[in-house]
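Subject: Structure handover

Hello,

Here is the structure I promised to pass on. Please open it before you read the notes below.

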Amino acid sequence: MTLVSGWGRFPVVDSDVLRPRSFEAVGEAMVSGTVARGNGRAYGDAAIGAVRTVTMMGFDRIRWFDPVTGRIRLEAGVLLSDLIDTFGPRGFLPFVLPGTRFVSIGGAVAADVHGKNHHCEGGFGRYVDAILLRTGEGEVIEASREQNSDAFFATIGGMGLTGMILEATLRLRKVETGWIRERVISASDLDAAMRALDAGDAATYSVAWIDCAARGKDLGRSLIYLGEHAGKNELPAGAAPFHAGKDSGLGVPIDLPSMTLNRFSILAFNELYYRMGARRAGGSHVVSLYPYFFPLDSIADWNRIYGRRGFLQHQCVIPENGARDVLGEILDRVARRGDASFLRC
Ligand SMILES: Cc1cc2nc3c(=O)[nH]c(=O)nc-3n(C[C@H](O)[C@H](O)[C@H](O)COP(=O)(O)OP(=O)(O)OC[C@H]3O[C@@H](n4cnc5c(N)ncnc54)[C@H](O)[C@@H]3O)c2cc1C
């Protein structure tokens, strides 16, 4: 038995972890109470089996790629980072990129992950054409919108509950460069943030970092990042068309004491982050792919900042009607309790 947790490092569960090397072995590993695991980036316990956890990261081959259509067939353990680094320089990127690139194809399909373009492109599953699935009944089936469509739609966003995704066929987006034209908008409170997000609705990518520690007149103050794929003629002089960017090379080598992130350190960090971001606000500039899409990946093992006890992430979807008040109430409670986060995904 092995102790396993998600990216939030809570809960930690004793599970029988297997890493099969063949599709037959996947079938043999599946007993009642088995849960598939990709790269373990789900924050909570979604990728932990109470009885057995089957990690699919041993399946990391690219089966084929069609450069005319941008269609690609991959095994479930291929990481989005590998896909970006291999096909970005050839002018192709996934349509939907979540806030970390260290996500497996199986995990991206199972969670139907969303990106900063959810308002235009929908979830990852929209660009999945087919999957090869090992069902709980012991069958290996090819499923698509036309064939075994019930299994196909139940598996996209199905969180691994329909069986093990072995392979997937995706459509990739053709891009001229790997750079993003970014426009930063600083919003001094929640109303301004919501107005800016509404006004930026036509942007291909949009995301807000909200200062969850701010209260009173500053409640909901935000930095809004809008983005478009940049053309070759927009790049800095001498820049390669595909330069994904560099991570900081920094990492968190040990579990920091749980009190490192407290009301005061987060207040100070958020104040600084907001002020620095507000200074960049206004015009647009071109940034490379990694810092725009994956700012958190820049620091390896950043989840250790929260200490050994780990952390919980709360995500919610709020109907548009009344969203301002509900969001305001959530932010106010978070700020009053001192539970704010400093993260920008
Ligand atoms: C810094 C950070 C930023 C993030 N940003 C976003 C974001 O912007 N948008 C978003 O949607 N998510 C985001 N996430 C969450 C993450 O994208 C998802 O949890 C994703 O599913 C993780 O993929 P994984 O390969 O690590 O899968 P795991 O975490 O290992 O598993 C996730 C789920 O997928 C299932 N699964 C995994 N592989 C298979 C398989 N082969 N067959 C069947 N089921 C499988 C598991 O059972 C589990 O239910 C973020 C996470 C982090 C850490």
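What follows is a short tour of the findings, by topic.

First, a caution. This is a predicted model.

Start with the open sheet. Four strands build it, in the order E1-E2-E4-E3, and the pairing is mixed. Strand E1 (2-4) and strand E3 (34-37) are the edge strands, each pairing on one side only. On average, neighbouring strands in this sheet are turned by 50° against each other, direction ignored.

Now the pairings. E1 and strand E2 (residues 13-18) run antiparallel and are joined by 3 bridges. Threonine 2 has serine 15 in E2 as its bridge partner. Leucine 3 stands opposite aspartate 14, also in E2. On to E4. Strand E4 (residues 52-55) pairs with E2 in the parallel sense, again over 3 bridges. Here valine 17 has threonine 53 in E4 as its bridge partner.

The loop between E1 and E2 deserves a look. It holds proline 11. A cis peptide bond joins phenylalanine 10 to proline 11, with omega at about -5°. Most peptide bonds are trans.

The cores

The largest nonpolar core has 57 residues. Those with the most contacts inside it are Ala108, Val109, Val128, Ile131, Met164, Ile165 and Ala168. Strand E10 (residues 163-174) gives the most to this core, with 6 residues.

Isoleucine 131 is then in contact with Val109, Ala143, Phe152, Thr155, Ile165, Glu167 and Ala168.

There is also a second, separate core. This one has 22 residues, including Ile185, Ala213, Ile224 and Leu226.

The ligand shell

Which residues are closest to the ligand? They are Gly38, Gly99, Gly106, Gly107 and Gly160, out of 30 residues that surround the ligand. By class, the shell has 18 nonpolar, 10 polar and 2 charged residues. E3, helix H3 (105-110) and E10 each supply at least two residues of this shell. Two of those names have come up already.

Two aspartates are worth checking. Most residues other than glycine have a negative phi. Aspartate 112 has a positive phi, near 40°. Its place is in the loop between H3 and helix H4 (118-121). Aspartate 112 counts as partly exposed, because it has 18 C-beta neighbours inside 10 Å.

Aspartate 301 also has a positive phi, near 55°. Look for aspartate 301 in the loop between strand E16 (299-300) and helix H9 (323-337). Is aspartate 301 buried or exposed? Aspartate 301 has 12 C-beta neighbours inside 10 Å, so it counts as exposed.

Last, valine 68. This residue sits in the loop between strand E5 (62-66) and strand E6 (71-75). Valine 68 counts as exposed because it has 5 C-beta neighbours inside 10 Å. Valine 68 and lysine 174 are 106 residues apart in sequence. In space, C-alpha to C-alpha, the two are 9.8 Å apart.

Best wishes

Conventions:
Residues numbered from 1 in each chain as written. Predicted model: local features only at pLDDT ≥ 70, side-chain atom pairs only at ≥ 80, totals over all residues. Pairing = 2+ DSSP bridges. Axes fitted to C-alpha atoms, helices over the stretch in contact; angles between N-to-C directions. Core = buried A, V, L, I, M, F, W, Y, C linked by C-beta atoms within 7 Å. Buried ≥ 20, exposed ≤ 12 C-beta atoms within 10 Å, placed from the backbone. Contact = placed C-beta atoms within 7 Å. Near = placed C-beta within 6 Å. Nonpolar A, V, L, I, M, F, W, Y, C, P; charged D, E, K, R; others polar. Lists of a residue's contacts leave out its neighbours within four places in sequence.
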